[in-house]
Amino acid sequence: MDKQFETAVALLRNAKHAVAFTGAGISVESGIPPFRGDDGIWSKYDPAILELSTYLSTPEKVWPVIRKLFFNYFADAKPNAAHLALAKLESAGMLKGVITQNIDNLHQEAGSKNVIEYHGNSKTFICTKNNQHVSHANEVDFQQPYPKCPVCDSLCKPSFIFFGEAIPVNAIEQSEWHAANCDVMLIVGSTGQVVPAANIPFVASRNGCKIIEINPEPSAFTYEISNFVLKGTATKVLSELITKLNF
Ligand code: NAD
């Protein structure tokens with residue numbers, strides 16, 4: 001077995017505070033495309049489509065794209081072996097939680113309990129007129145020209161973060177706490193190009209945390225902070241990791 005892999009397994013086994021940081025790559029094998037790369041969403045669409053101001057001013061133009069980009073893929077997606085492996089590590093007490101940039105809810109569906117959603121979630125919708133009105137995605141009529149709040153009929157939006165929107169305060173606080181206290185961080189499937197999320201592993205590394213990265217391609221973390229790079233897809237590498245840890 002590869003020496004890097006063996007050392008990474010030993011690190012994880014002996015960690016006092018291990019945490020995972022995940023990106024779109026962990027859900028690729030669930031059928032959800034990532035944003036970047038040859039087949040990524042941004043190779044086909046202008047990122048301006050996800051500006052909050054664009055959505056608020058022209059929801060009828062933006063909504064069909066959002067529905068196609070996200071919800072068409074999310075509808076059939078199921079957690080894969082990588083999501084399940086992280087949930088197993090958490091239930092065995094070897095992982096304190098998952099900080100995810102993803103909005104697909106697959107960590108929760110896999111059984112992870114402590115999930116910090118840095119960019120929100122797609123399972124609920126929030127009213128843009130009265131933000132106390134929060135509805136489950138099932139209650140929203142997706143076939144309307146744009147989604148309407150089931151309570152007051154105003155425009156509502158998915159509860160994930162659009163460009164130009166603030167990151168949820170509790171997600172920032174919890175991520176900062178992990179970054180200050182973790183001794184091992186598993187980064188799975190992230191380019192590290194989206195800030196401020198991508199700052200979290202850098203802060204952890206500066207605090208002395210060992211970084212184990214899983215990705216088939218190099219990322220912004222690879223040559224800067226990753227102490228161990230386990231090259232490969234999330235399902236393959238995390239399944240091997242779990243087997244080696246005797247799960
Ligand atoms: P990204 O789209 O920028 O990059 C994806 C990364 O995953 C790349 O580094 C790529 O090499 C890697 N990857 C591809 N296939 C993989 C596999 N099978 N196993 C492991 N890694 C693989 O992703 P990002 O860094 O997370 O940033 C994009 C932003 O897009 C995030 O903010 C996130 O909110 C959002 N996003 C979320 C979803 C989702 O919820 N599933 C999907 C697309 C984008």
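Reply: In this predicted model, one aromatic cluster is formed by Y55, W63, F70, F71, F74, F125, F142, F160 and F162. The structure as a whole holds 13 aromatic pairs. One of them joins F70 and F74, whose ring centres are 5.9 Å apart and whose planes stand at 40° to each other, a tilted arrangement. Both residues belong to helix α3, which covers residues 59-76, and because they are 4 residues apart there, about one helical turn separates them. F70 and F74 are both buried.

A second pair may be set beside this one. The planes of F202 and F221 meet at 40° and the ring centres lie 5.6 Å apart; the angle falls between the limits of 30 and 60 degrees, so this pair is tilted. The two residues are 19 positions apart and link distant parts of the chain: F202 is in helix α7 (residues 199-206), whereas F221 is in the loop between β8 (210-215) and β9 (228-231). Their surroundings can be described in terms of accessible area. F221 has a relative accessible area of 0% and is therefore buried.

Key: Residues are numbered from 1 along each chain as its sequence is written. This is a predicted model: local features need pLDDT of at least 70, side-chain atom pairs count only at pLDDT 80 or more; totals for chains, interfaces and linings use all residues. Side-chain values use heavy atoms; hydrogens and water are left out. Rings of Phe, Tyr and Trp (its six-membered ring) pair if their centres lie within 6.5 Å; planes under 30 degrees apart count as stacked, over 60 as edge-to-face and the rest as tilted. Buried means under 20% relative accessible area, exposed over 50%, partly exposed in between (1.4 Å probe, protein chains only).
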